[in-house]
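User: I'm new to this one and would like to learn how to read it. Can you walk me through it step by step?

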Amino acid sequence: MATSVLRVEGIAKSFGGVQALKGVSLEIGQGEIHCLAGENGSGKSTLIKVISGVHEPDAGRIEINGKHFSHLSPIEAIKLGIQVIYQDFSVFPNLSVMENLALNMELMDNRKFMNYKRARKIASHAVAQIGFEVDLDERVENLSVADRQLIAISRALLQEAKLIIMDEPTSALTKKEVKALFAVIKQLQARGLSILFVSHKLDEVFEISERYTILRSGENVASGNTVDLDRKTFVYHMTGRQFEDTHYEAPAGIGQPVLSVKGLSLSGAYSDISFDLAPGEILGITGLLGSGRTELVETLFGILKPDSGNISIKGKEASIKSVKDAIKHGIGYVPADRLTEGLFLPQAIRRNLVISVLDQLSSRLGFLRTRAIAETTKKWIQNLSIATKNPEFPVRTLSGGNQQKVVLARWLANNLSILMLNGPTMGVDIGSKYDIHTLIRKLAAGGLAIIIVSDDLPEVLACASRILVMRDGAFIQELDPSATTESMLSELSTGIA
Ligand SMILES: Nc1ncnc2c1ncn2[C@@H]1O[C@H](COP(=O)(O)OP(=O)(O)O)[C@@H](O)[C@H]1O
Ligand SMILES: [Mg+2]
């Protein structure tokens, strides 16, 4: 390894009764992109705060450029060239890009008033260093999250950063923005900077890093060269659980289709779509954004109206003109963004779980039957292994994966025959993702017909019993997941070999 810019050893840190770090070690070489991975709560942010002088560790040593410290102050850390880009980016939204960039420089030079000519020069130089094109007079609040990050990175460079730490920088970025950020990270590396990139996303770790460290419950359980790491090992270290990769096969002899779609078309979205779905099947529909996949399921759920074609449920032509009609026909739909659509985050888990069956559970006088609600809640928390200490806690206290389970439970309480899921594990950590997949298979094996719309190819391959690939509004191919690889699927959905 190149000379190390940072080495920490045996770092321990407790908050009250919680031991967030239990003797963690980590070493980063000059010019290295190092991934710090771990599930939520594993201690990643706490470690960063120790490195950047925000928290004083209870034990351990920090070595920076060969110098030893038992702890650092934030100012010392900055002077040593350590810069953190936090999840909330620490930029000032009500100031302009230029002011954000030049402010610290001016303060460091002990100037009382900002010299705008000088500030503009500093700022334009800063953004040019990473090839970032932005209007320097724009107020930061009008910029995207991705652009704010680039401002924070430019500012870090102005302060002569040697090690830039990014705490889960991609969590609010689109795929395209992630690509652009990765290009900037590579540029920083080419200038000899070191990057500590925090993520719990497998693909990102493989794509960007040379070395990795994985934390689990405050301990580092693995570190090494990323090229020596495979997906299975990575997931094992992250979760401490061994997952089988198997394919789901629909039970044999499952009988008549519960859903039959014939020649369905919606101008500008999709055209001439036909398929059958039987109970126990999991149909995976994949395709790029804009392939028409979401519009198709939204039509089946009565949100959009098709121009032509027909839909039959259990052999009878069904007229689905509204969401109400869809639900009447036993169709459920979990949209892609569970957080904005469907959950009442400040309300109790219990209340969120029973909300769709509320009518059934209330007596004629409108009183809620407390016992029935308590029983229903208990049943679903158990069935779906929703990890919570108390169903009275607000839903927002649950992890993303567990919130997703609450959404599922609400639908399942409704006697569905068809359940459609759009991006069912988007933004969910690996352990919960596996649990949700297991649950989906269990539901299908129990006779539910399921449609999963997803561009997460490993997910589609693992869950579906049949895959339909959509491109430009048409089904271009049907595939058997047990005979399909991720690269075949990617080629088909993008049209790029
Ligand atoms: N300031 C704090 N006070 C109390 N507990 C904390 C504090 N910061 C972190 N923790 C706890 O320490 C553990 C690790 O948290 P964190 O470092 O934020 O994890 P990660 O960044 O990997 O998600 C969690 O259990 C968290 O609740
Ligand atoms: Mg964190």
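Analyst: Let's begin with contacts: two residues are in contact if their C-beta atoms, placed from the backbone, lie within 7 Å. Keep in mind that this is a predicted model.

User: Okay, which residues is isoleucine 418 in contact with, leaving aside its neighbours within four places in sequence?

Analyst: Isoleucine 418 is in contact with Val258, Leu259, Leu277, Gly330, Ile331 and Ala449. There's also proline 279: its C-alpha atom and that of isoleucine 418 are separated by 8.0 Å, though the two residues are 139 apart along the chain.

User: Is isoleucine 418 buried or exposed?

Analyst: The general idea is to count C-beta atoms: a residue is buried if 20 or more others lie within 10 Å of its own. Isoleucine 418 has 23 C-beta neighbours inside 10 Å, so it counts as buried.

User: Where is the place of isoleucine 418?

Analyst: Isoleucine 418 sits in strand β17. In β18, its bridge partner is alanine 449. Strands β17 (residues 418-422) and β18 (residues 449-453) run parallel and are joined by 5 bridges.

User: What order do the strands of that open sheet have?

Analyst: Read across it and you get β16-β17-β18-β13-β19-β20, 6 strands with mixed pairing. At the edges are β16 (331-334) and β20 (474-479), each pairing on one side only. From one strand to the next, the twist averages 20°.

User: Which strands does helix α15 lie across?

Analyst: Helix α15 (residues 430-445) lies across β13 (282-286), β17 and β18, and runs at about 150° to β18. Helix α17 (residues 486-494) packs on the sheet too, where it touches β13, β19 (466-471) and β20. The direction of α17 makes about 35° with that of β19.

User: Now the ligand. Which residues are around ligand 1?

Analyst: Among them are Phe15, Val18, Asn40, Lys44 and Thr46. By class, the shell has 3 nonpolar, 7 polar and 1 charged residues. Both β2 (18-29) and α1 (44-51) supply at least two residues of that shell, and α1 gives the most, with 3 residues.

User: Last one: how is the protein chain divided into domains?

Analyst: There's domain 1 (4-239) and domain 2 (259-494). The contact between them takes 6 residues from domain 1 and 4 residues from domain 2. On the side of domain 1 that touches domain 2, you'll find 2 nonpolar, 3 polar and 1 charged residues. Taken over C-alpha atoms, the centres of domain 1 and domain 2 are separated by 37 Å.

Definitions and conventions. Residues are numbered from 1 along each chain as its sequence is written. Chains are lettered from A and ligands numbered from 1 in the order in which they are written. This is a predicted model: local features need pLDDT of at least 70, side-chain atom pairs count only at pLDDT 80 or more; totals for chains, interfaces and linings use all residues. Two strands pair if DSSP finds at least two bridges between them. Helices (H or I, at least four residues) and strands (E, at least two) are DSSP runs, numbered from the N terminus. Axes are lines fitted to C-alpha atoms, for helices over the stretch in contact, and angles run from 0 to 180 degrees between N-to-C directions. A residue is buried if 20 or more other C-beta atoms lie within 10 Å of its own, exposed if 12 or fewer, and partly exposed in between; C-beta atoms are placed from the backbone. A residue is near a molecule or strand if its C-beta atom, placed from the backbone, lies within 6 Å of it. Ala, Val, Leu, Ile, Met, Phe, Trp, Tyr, Cys and Pro count as nonpolar, Asp, Glu, Lys and Arg as charged, and the others, Gly among them, as polar. Domain bounds come from an automatic or database domain assignment.
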